Amino acid sequence: MIQTSGVIICLGYIFGLLFTAVPWGGVWILVLGIVGAILFRRRTTSPQLAQKPENVGSKNKAVPNIWQTTPHPRIWLAASLVGLLATLYLQWRVPQPGAKDISQFVPPGNSSNQEQLVIVRGEVASNPRLTRSQRGQFWLEATQLDEVKNEKGSAGVPKGVTGKLYVTVPILQATGLYPSQQIAVTGILYKPKAASNPGGFDFQKFLKQEGTFAGLIGRQINVLDQERKWGWWQIRERIVRSQVRWLGVPEGPLVSAMVLGSKAVDLPYDIRDLFVQAGLAHALAASGFQTSLILSVILQLTRRAKKATQFTLGFLALIIFLSLTGFQPAVLRAVIMGFAALVGLLLKRKVKQFGSLLLAATLLLVFNPLWIWDLGFQLSFLATLGLVVTVPPLVNRLAWLPPAIAALIAVPLAATVWTLPVQLFVFGVVPSYSLLLNVLSTPLISIISIGGIISAIAALIWTEAGSFLAEVLHYPTDWLIKLVDFFSKLPGNSVAVGSISSWQLLVIYLLIILVWLVPWWQRRWWFANVIVIGLVFIPLWHSTNTLFRITVLESGTEPIVIVQDRGTVTVINSGDEGTGRFTILPFLQQQGVNQINWAIATDFQGNESNAWLELLQRLPIKNFYEYSPKPENSIATQAIQQELQKYQGSYQALAVGQPVKTGSIVAKLINDQLPILQLQILDQNWLLVGNVKSKEVQQLVKSGSLPRPQVLWCAPQSLKDLVIALQPKVAIASSASFDPKALSELNKSQTKLFFTGRDGAIQWTPNGQFEAFIEATENKSSML
């Protein structure tokens, strides 16, 4: 086995990496090691005690076995020291931009330099992919940077640079690019932004994990090298083209993704989102299932061959599979465990799965300790751990069922038990029908995966043969898509319970481990389930029924205000297309919101938005109020009304001067020409003012149309005039920067200024001050 001492050492290293998220994590892991050594300090004397004649044949004869498997105190001390070193090692391995990294040459984010064109030369490092905004995306290893001096495109003195860039270009510009190709991209450099809203995507963190610190919005690509160098991407491309050729889209890319992983295949986003929402994201990730399948086929075909031959062929098959999938962390973990199984076969020794899993995780985290925070790695490790330690007892409990059905239920249930806490911590959403869908879809997934692997092998020999075999999978793949689509459209297909805190996550996993290891808890597993449910839902219930909070989200040019009023939720405005999916929905899911009680659309941007439709497809809206010059003729309004009917929601056109009471708030549109919305929130008067000019502001103030508010939201161009005229206590503008001279004048006033483009979302509670999300996040990070 990995001996017990080896298990403790490996766990010490892994926990040391995890403890980097805790203040003084290295010290805490050292303290835990010392406590472990003290608790097991009697191990050195217990064996001698057990061997005394008076103890032979006594009731304590089982004691020696227990103590003999208990690690020596020095093992605990060694593990704690390894954990301490792990915390230092991770900090040392955190990527930092070098002196010549291209991110060092990004112009400052002021208005005069934001449109500075540059030409970046380098080598393409990945196959282009399609983004949600329908642009091509790829990674570029930068080698040279030129600044464009004029519109004709003449450049300054080139600079030698290093580093990797996240590049997006028009889709036609990216067509035909391939890895190792030398190109020059003309575009605009920028530094990625951190998450601006609670629950939002942290683009800066994502790129940093990839060792990247800048992006490039490309406009044009010039190919400098037409030579096609050999690479694994060519084999991958041959397989995907062969499978898509006769299967078509989306069936073809789906089959390829289930064989090679979605990261290696440009799978359509609607299919990807469908599987993720239904709780079948693991079906799109190449990992343990495919690895086990490949090894099983190889060993079955070579069952009469020598062990050395089986080992060699299995080893080569795993290496080829790993190369095709692009060395993803989850696949690396599965392949290392596959290697361990092959070594056990060669040496004719049974390999303990738990030990090989722990060894695989440790080796990978030594290679790249930053993978400890990679969500794919975490979920893959936990799911495999569940299969190793939880499936056998579950199958035993389901012994009254036929073995095949018992295994069919036990496998997804075990994986869910170990991965759901992390999903709640990150997303705060539970796919309601995930377990049932996993049970029903497992036969289809197995058929498609096996057929896809056979088709891929055939495609390497003869592309037409691969296409023919892939076409056979049309009906299973089509049935799988329809099955997932059916479950995703069922009422309550996903339930937002809110993101759990770190302490809740730790307690839940502690209970899972106790049920796994301690007989007393194994007999009372139902009691552990009750505690877990209480840990998740009691804090959510308390927060929902006591919290009153207003959040102004960072969303560009339109004010998006979300009011959480002791169990009811009001959403004012929805922003541009995409804002609903990437800004509003993540925030509501993090807060455990499953229904919008009131929605108010004021058309601040003067155009129809599809964000309400995005929200309605995921959340019911009970009462919808819309102000638009001609709402009855609006195509978007008609679509909204149709969606509202599904949830028995009401629609009402909003008239000027009409008060709308939403819980503790009274909203009223006070102007029919300029978008101005007044909110009476408890004892405060809020005013949301759209894009108005200076003369219009003066006219409104003279006519008395603008009541003096405590809180003002406005466009940045009218901020100065409105603050001087209305003198609010707090002013919020949708901008990342502001004219320094005007800002200096405004700072002399009593008004506290916030800029959502700079400060992120702004939150307020009756008992607290206004808080900027980015500042609060930075303060929390500095404490850690």
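Reader: Why is Phe203 called buried?

Author: Its relative accessible area is 18%, and buried means under 20%, exposed over 50% and partly exposed in between (1.4 Å probe, protein chains only). So Phe203 falls on the buried side. Bear in mind that this is a predicted model, where local features need pLDDT of at least 70, side-chain atom pairs count only at pLDDT 80 or more, and totals for chains, interfaces and linings use all residues. Residues are numbered from 1 along each chain as its sequence is written, and side-chain values use heavy atoms, with hydrogens and water left out.

Reader: What makes Phe201 exposed?

Author: Phe201 comes out at 56% relative accessibility, so it counts as exposed.

Reader: Why is the pair of Phe201 and Phe203 called tilted?

Author: Rings of Phe, Tyr and Trp (its six-membered ring) pair if their centres lie within 6.5 Å; planes under 30 degrees apart are stacked, over 60 edge-to-face, and the rest tilted. Here the centres are 6.3 Å apart and the planes at 40°, so the pair is tilted.

Reader: How do you know that the charged end of Lys164 sits over the ring of Trp139?

Author: The test asks for NZ of Lys or CZ of Arg within 6 Å of the ring centre and within 35 degrees of the ring normal. The charged end of Lys164 is 4.8 Å from the centre of the Trp139 ring and is listed as sitting over it.

Reader: What makes Lys482 and Asp478 a salt bridge?

Author: A salt bridge needs a side-chain nitrogen of Lys or Arg within 4 Å of a carboxyl oxygen of Asp or Glu. The closest N and O atoms of Lys482 and Asp478 are 3.1 Å apart, and they form one. The two are four residues apart in helix α20 (residues 474-488), so about one helical turn separates them.
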